[in-house]
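Colleague: I am new to reading protein models. Could you walk me through a few features, step by step?

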Amino acid sequence: MNTNTGIIGTMGTGKTQFTKSLITQLMQNQESNVNSAPIGMLIFDYKSDYVDDEFVEINAVKRHKLYKLPYNPLSLFGDTPMLPVHTARGFSDTMAKAFGLGVKQQATLRKLVLDAYEQAGIDRADASTWHLPAPTIKDIWNLFEATDPSIDSLYAALESLNELEIFESDNHLCSSLYDLLDGVLVIELAGYPPQVQNLVVALTLDLFYSQMQKQGKPQVQGDYRQITKMILVDEADNFMSQDFPSLRKVLKEGREYGVGVVLSTQDITHFKTGENNYSAYILTWVIHRVAQISNGDIKAIFNVDDKSEQEHLMETVRKLDKHYSLYIDGHKKLVKMKDKAFWELCQQFEVS
């Protein structure tokens, strides 16, 4: 019913091997999904962990570098009144968080986006025009350049998106992100500045959220809800710390649409920021060895109040061997687990 999962472990504990194995087993066992429905898997890969030959071959991975990504973050989905205004505001807010834009710069960007919609024949108040091809980042940049702008953080933000050609500028070559998520799609983020990496993840999640809400609710059979899409944010600490609203919204509302989020990071503290407590939306935890873990962390994850039991669990977590983890399910049931590492799965495939 709720597939949101937190995977924790310091480097060298087998966390990535576990995560690759989990994804592979999900994809290999789709016939066990409610009505054998296919699962779309979106992976944000910060360190090129999910593009090795074996993983790509076994999971028939579609790879996209940050160049001409075939979807448009300004495309319109939904029937909310004044939808272009809402989309422009969301785009402006996300850009502001990624690049530290001020209030005036955000207002400038919102106006640019709305002017671009107008130029494309899209009337903010007339829903019959919203199906028209949306403006692209290239269109926004052209409008911006025509204003003879000063070189500031807004200039740097838009220039980064435009100059690197991160998103496809030809609308005819763009498709729905939801439609692209047929099988495993890896977006390769390695080699780009953190600002650009986080911006791409945030804009993609903004688009995913708007398209998710357009989908019907998936089928439920007894205790099981059909899984439709899964999102993995690997090494998610940097992204979580930025407090982009789309991550919280997908975590909070995704289960109703059969969507689950897997967040993998090195430390439990990464799940809590000044604005958000992401752990509140996660029911399943897989804890590998971590050096730093507190009584509060133990209480939050394991639902254990007794101090001596907390101390025992902290000691257990600190001493876990490689490829061993503590698994906590939605009922706070705790099991010590020997992971089936991805390389072990590969050996199985070779034998069969």
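Predicted model: local features only at pLDDT ≥ 70, side-chain atom pairs only at ≥ 80, totals over all residues.

Colleague: What span should helix α8 have, and how far apart are its end C-alpha atoms?

Modeller: Helices (H or I, at least four residues) and strands (E, at least two) are DSSP runs, numbered from the N terminus. The expected span of a helix is 1.5 Å times one less than its number of residues. Helix α8 covers residues 194-212, so its 19 residues should span 27 Å; the end C-alpha atoms are 26 Å apart, which agrees.

Colleague: Is α8 largely enclosed or open?

Modeller: Buried means under 20% relative accessible area, exposed over 50%, and partly exposed in between (1.4 Å probe, protein chains only). In α8, 15 of the 19 residues are buried, so the helix is largely enclosed by the rest of the structure.

Colleague: How many salt bridges does a search of the whole structure find?

Modeller: A salt bridge is a side-chain nitrogen of Lys or Arg within 4 Å of a carboxyl oxygen of Asp or Glu. The search finds twelve. One of them joins Lys47 to Glu235, with the closest N and O atoms 3.5 Å apart. Lys47 sits in the loop between β2 and α2, and Glu235 in the loop between β7 and α9, so this pair ties together parts 188 residues apart in sequence. Lys47 is partly exposed at 41%, while Glu235 is buried at 10%. Lys15, Lys47 and Glu235 are linked in a network of salt bridges.

Colleague: Which residue forms a salt bridge with Glu188?

Modeller: That is Lys65, with the closest N and O atoms 3.3 Å apart. Glu188 is in strand β4 and Lys65 in strand β3, 123 residues apart. Glu188 counts as buried at 7%, whereas Lys65 is exposed at 52%.

Colleague: Which residues form the negative surface patch?

Modeller: Patches are made of residues with over 30% relative accessible area and no salt bridge; like charges are joined within 9 Å, and nonpolar side chains (Val, Leu, Ile, Met, Phe, Trp, Tyr) within 5 Å. Here the negative patch consists of Asp53, Glu54, Glu57 and Glu350. Helix α2 gives the most to this patch, with three residues. Glu57 has its place in helix α2 and is exposed, at 67% relative accessible area.

Notes: Residues numbered from 1 in each chain as written. Heavy atoms only, no water. Areas by Shrake-Rupley, 256 points an atom, 1.4 Å probe, with all protein chains shown as cover. Lys, Arg positive; Asp, Glu negative; His and termini not counted. Charge placed at Lys NZ, Arg CZ, Asp CG, Glu CD.
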